[in-house]
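Take a moment with the sequence and the 3D view before reading on. We'll walk through the fold together, one piece at a time.

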Amino acid sequence: MPGTRLFIIDDEPDYCSDLALLLGTRFEVGMAHDGVGALAHLEKNMPDIILLDMKMEPGIDGLETYK
């Protein structure tokens, strides 16, 4: 799937980095470590796939980010 954009939203940076390393050979990977950062990114960039952690702290959680 060359050119497929994947965006990871998770409050655990190590988890994001591990996923990006694993999936980076198949996808163009972007990431954010909180809902606020994710929303700022998504205003200008729409990925093909989003992996969203539903329980993020502090700040807005995954459900609020999704809404």
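**A walk through the fold**

Let's start with a pairing: strand 1 and strand 3 (residues 49–52) run parallel and are joined by 4 bridges. Strands count as paired here if DSSP finds at least two bridges between them. Helices (H or I, at least four residues) and strands (E, at least two) are DSSP runs, numbered from the N terminus. Within this pairing, Phe-7 sits opposite Ile-50 of strand 3.

Before going further, a word on where this comes from: what you see is a predicted model, so local features need pLDDT of at least 70 and side-chain atom pairs count only at pLDDT 80 or more, while totals for chains, interfaces and linings use all residues. Residues are numbered from 1 along each chain as its sequence is written, and side-chain values use heavy atoms, with hydrogens and water left out.

Strand 1 has another partner to look at. It is joined to strand 2 (residues 28–32) by 5 bridges, and these two also run parallel. Arg-5, for instance, has Glu-28 in strand 2 as its bridge partner. To get from strand 1 to strand 2, the chain passes through helix 1 (residues 13–23), and this β-α-β crossover is right-handed. That term means that, with the strands pointing away from the viewer, the path from the first strand over the helix to the second runs clockwise. Strand 1 is mostly covered, with 4 of its 5 residues buried (buried is under 20% relative accessible area, exposed over 50%, partly exposed in between, using a 1.4 Å probe and protein chains only).

Now step back. The chain has 3 helices and 3 strands, and along the sequence they follow the pattern β-α-β-α-β-α. Its radius of gyration is 11 Å, close to the 11 Å that the globule rule gives for 67 residues, so the chain is as compact as a globular protein of that length. (The radius is taken over C-alpha atoms, and the rule is 2.2 Å times the number of residues to the power 0.38.) Along its principal axes, the C-alpha trace spans about 35 × 25 × 15 Å.

What lies inside? The largest nonpolar core has 6 residues: Phe-7, Ile-9, Ala-32, Ala-38, Leu-42 and Met-56. Strand 1 (5–9) and helix 2 (35–44) are the elements that each give two or more residues to this core. A second, separate core of 5 residues includes Ile-8, Cys-16, Leu-19 and Phe-27. A nonpolar core here is a set of buried Ala, Val, Leu, Ile, Met, Phe, Trp, Tyr and Cys residues joined through side-chain atoms within 4.5 Å.

Thr-65 is buried, with a relative accessible area of 8%. Leaving aside residues up to four places away in sequence, its contacts (heavy atoms within 4.5 Å) include Ile-9, Ala-38 and Met-56.

Val-29 and Arg-5 are 24 residues apart along the chain, yet their C-alpha atoms are separated by 6.1 Å.

One last stop is the loop between strand 3 and helix 3 (62–66), where you'll find Pro-58. The peptide bond leading from Glu-57 to Pro-58 is cis, with omega near -15°. As a general point, most peptide bonds are trans.
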